[in-house]
Amino acid sequence: ELGRIDDPAMRYSAHMRQATLRARQGRIDGALAMVDRADPQDDEERTLGVLTKAQILRDADQVDRAVAILVAADKAMPDTVEIKYELAMLYERQGRIDQLERLLREVIALDPDHAHAYNALGYTLADRNQRLPEALDLITQALELSPEDPFILDSMGWVKFRMGEPSAAIEYLKRAYALRPEADIAAHLAEVLWVQGERDSATELLRTAYAKDPKNRALLDTMRRLEVRP
């Protein structure tokens, strides 16, 4: 029972889980109020509270409200890597790539071993077909820090594809998909297979991914562009 936890060290995180469950029932304002009523004892708990509120709002497609909360928190706790990283990801949703880059570089300065910050910046550049050699360098650094991370393997495959190396791209993307058969990775792998002439394999992959995750934006976009029906 989440409401009856007596260990002070566990109580705050239990409140956050309760708030998240309430949000999943569609009670967004009640969930946010529950976070506000909780009593954080230190910066770690304050950070968890901020991130919980941001996640609740992001999942409810209230990205602007989530950004406002994280901007205020970043000013109040300016050396908190988790807040900067989450805010960068929301700036990507808003298309504010200059702000995403600024924050991810701040994350890397604070934590030079933050593989996902290198990866997020490299992938963002690769996905927009911008500064591809720099994107490759960033993703290479990420992969050195976390060599079996499927999302970083996916990014490496995608930047290789953008740089005109589809055979190398397929190798990385197949490794990524084997580790984590998710829709975003399936969309990338299918696109490279399609370009390589393996259209039956690409179509089957897209339809399999669609059956599991029919609302994935990257997958739907790829299916539209390749004119593959579910």
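Predicted model: local features only at pLDDT ≥ 70, side-chain atom pairs only at ≥ 80, totals over all residues.
Biologist: How many aromatic pairs does a search of the whole structure find?

Modeller: Rings of Phe, Tyr and Trp (its six-membered ring) pair if their centres lie within 6.5 Å; planes under 30 degrees apart are stacked, over 60 edge-to-face, and the rest tilted. The search finds one pair. The ring centres of Trp158 and Phe161 are 5.2 Å apart with planes at 35 degrees, so this pair is tilted.

Biologist: Are Trp158 and Phe161 buried or exposed?

Modeller: Buried means under 20% relative accessible area, exposed over 50%, and partly exposed in between (1.4 Å probe, protein chains only). Trp158 is buried at 3%, and Phe161 is buried at 15%.

Biologist: Which residues are closest to the centre of the largest pocket?

Modeller: Rolling a probe the size of a water molecule over the atoms shows where empty space is left. On a 1 Å grid over the protein atoms alone, a pocket is an open set of points where a 1.4 Å probe fits, with protein on both sides within 12 Å along at least five of seven lines; lining residues have an atom within 4 Å of a point. Glu92, Tyr123, Asp184, Arg217 and Ala218 are the closest to the centre, out of 34 lining residues.

Technical notes. Residues numbered from 1 in each chain as written. Heavy atoms only, no water.
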